[in-house]
Amino acid sequence: MTALPHNPSTTPLPGIYPRGPRFAAALTACLLLVGTFFALLTADATPRLSLAEKVSDPGFMMLAITAILFAWGFTSPRTALWGVLFRKVLSPRLTPPVDREDPRLPRFAQVVGFIVVTMGLLLYLAAVPWALPIAGGAAFVAAFLNAAFGLCLGCQLYLVLAQAGLIRPRGGLAGA
């Protein structure tokens, strides 16, 4: 993550609280772990299942909910479930941050998570065996690394793509 130093003469601090995305990643990792576990239970049977059986599969439903939460996170971050929970319940109990982070990076990571999980869901519906647990597992690994170690793979991808000129950062914070 790109940390922005706090200048005491400016109030309020620009950016987002650095612990917020890690909190969201921890909760997301839990959902992804459960969804991936359930997806593993039916991975071999994927080609034989009807569309109704696939859609009602617990692994599909858990990962679909996670994809919806990813989409909510990048389309409306101020109202996203994990962000609101963090701001209302945890943030008041924590020490104020010394620095803030650029919100573009975790938002991009949410987009990447959404794409990975959604591709797994679509491939699962197309009867591709193991697509759902592989996509869920990949997203879980990324969320776990962020939650446990602060290593945001989506954020790193954003920085690489921006440096290569493949995406053009806009908006965000001054000096970012």
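This briefing covers the fold, the helix packing and several individual residues of the structure above. The model is predicted. The protein chain holds seven helices and two strands. Its elements run β-α-α-α-α-β-α-α-α from the N terminus. Of its 176 residues, 37% count as buried. Among contacts between residues at least 6 apart in sequence, 80% join residues at least 24 apart.

**Helix 3**

- Helix 3 covers residues 58-75, which makes 18 residues.
- At 1.5 Å a residue, helix 3 should span 26 Å, and its end C-alpha atoms are 26 Å apart, so the two values agree.
- The buried residues of helix 3 are Gly59, Phe60, Leu63, Ala64, Thr66, Ala67, Leu69, Phe70, Ala71 and Gly73.
- Their cover includes helix 1, helix 2 (51-55), helix 4, helix 5 (104-125) and helix 6 (131-149).

**Helix 5**

- Helix 5 has 22 residues and reaches 31 Å from its first C-alpha to its last. That is close to the 32 Å expected at 1.5 Å a residue.
- Buried in helix 5 are Arg104, Leu105, Pro106, Phe108, Ala109, Gln110, Gly113, Val117, Thr118, Gly120, Leu121 and Tyr124.
- These buried residues pack against helix 1, helix 2, helix 3, helix 6 and helix 7 (153-163).
- Just after helix 5, Ala127 takes a positive phi of about 70°.

**Helix 3 against helix 5**

- Two packed helices are described by the angle between their axes and the distance between the axes.
- The axes of helix 3 and helix 5 cross at roughly 150° and come within 8 Å.
- Angles over 145 degrees count as roughly antiparallel, so helix 3 is roughly antiparallel to helix 5.
- Their crossing is left-handed.
- Helix 3 makes the contact through Phe60, Leu63, Ala64, Ala67, Leu69, Phe70, Ala71, Gly73 and Phe74.
- Helix 5 supplies Arg107, Gln110, Val111, Gly113, Phe114, Val117, Thr118, Leu121, Tyr124 and Leu125.
- The residues of this contact divide into 14 nonpolar, four polar and one charged.

**Helix 1 against helix 4**

- Helix 1 (residues 19-41) and helix 4 (residues 81-90) pack at an angle of about 120°, with their axes 9 Å apart.
- That angle makes helix 1 oblique to helix 4.
- The crossing of helix 1 and helix 4 is right-handed.
- From helix 1, the contact uses Arg19, Gly20, Phe23, Ala24, Leu27, Thr28 and Leu31.
- From helix 4, it uses Trp82, Leu85, Phe86 and Leu90.
- The residues of the contact of helix 1 with helix 4 divide into eight nonpolar, two polar and one charged.

**The loop between helix 5 and helix 6**

- Most residues other than glycine have a negative phi.
- Ala127 lies in the loop between helix 5 and helix 6. Its phi is near 70°, a positive value in a residue other than glycine.
- Ala127 has a relative accessible area of 24%, so it is partly exposed.
- Trp130 lies in the loop between helix 5 and helix 6. Trp130 has a positive phi of about 70°, although it is not a glycine.
- Trp130 has a relative accessible area of 37%, so it too is partly exposed.

**Ile16**

- Ile16 lies in the loop between strand 1 (3-4) and helix 1.
- At 26% relative accessibility, Ile16 counts as partly exposed.
- Ile16 and Pro103 are 87 residues apart along the chain, yet 6.0 Å separates their C-alpha atoms.
- Leaving aside neighbours within four places in sequence, Ile16 is in contact with Pro21, Arg100, Glu101, Pro103 and Pro106.

**Asn146**

- Asn146 lies in helix 6.
- Its relative accessible area is 10%, so Asn146 is buried; the cut-off for buried is under 20%.
- Leaving aside neighbours within four places in sequence, Asn146 is in contact with Pro21, Arg22, Ala25, Leu151 and Cys152.

Conventions: Residues numbered from 1 in each chain as written. Predicted model: local features only at pLDDT ≥ 70, side-chain atom pairs only at ≥ 80, totals over all residues. Heavy atoms only, no water. Axes fitted to C-alpha atoms, helices over the stretch in contact; angles between N-to-C directions. Helix = DSSP H or I, 4+ residues; strand = E, 2+ residues; numbered from the N terminus. Parallel < 35°, antiparallel > 145°, perpendicular 65-115°, else oblique. Left-handed = near helix turned anticlockwise from the far one by under 90°. Contact = heavy atoms within 4.5 Å. Nonpolar A, V, L, I, M, F, W, Y, C, P; charged D, E, K, R; others polar. Expected span 1.5 Å × (residues − 1). Buried < 20%, exposed > 50% of the residue type's maximum accessible area, 1.4 Å probe, protein only.
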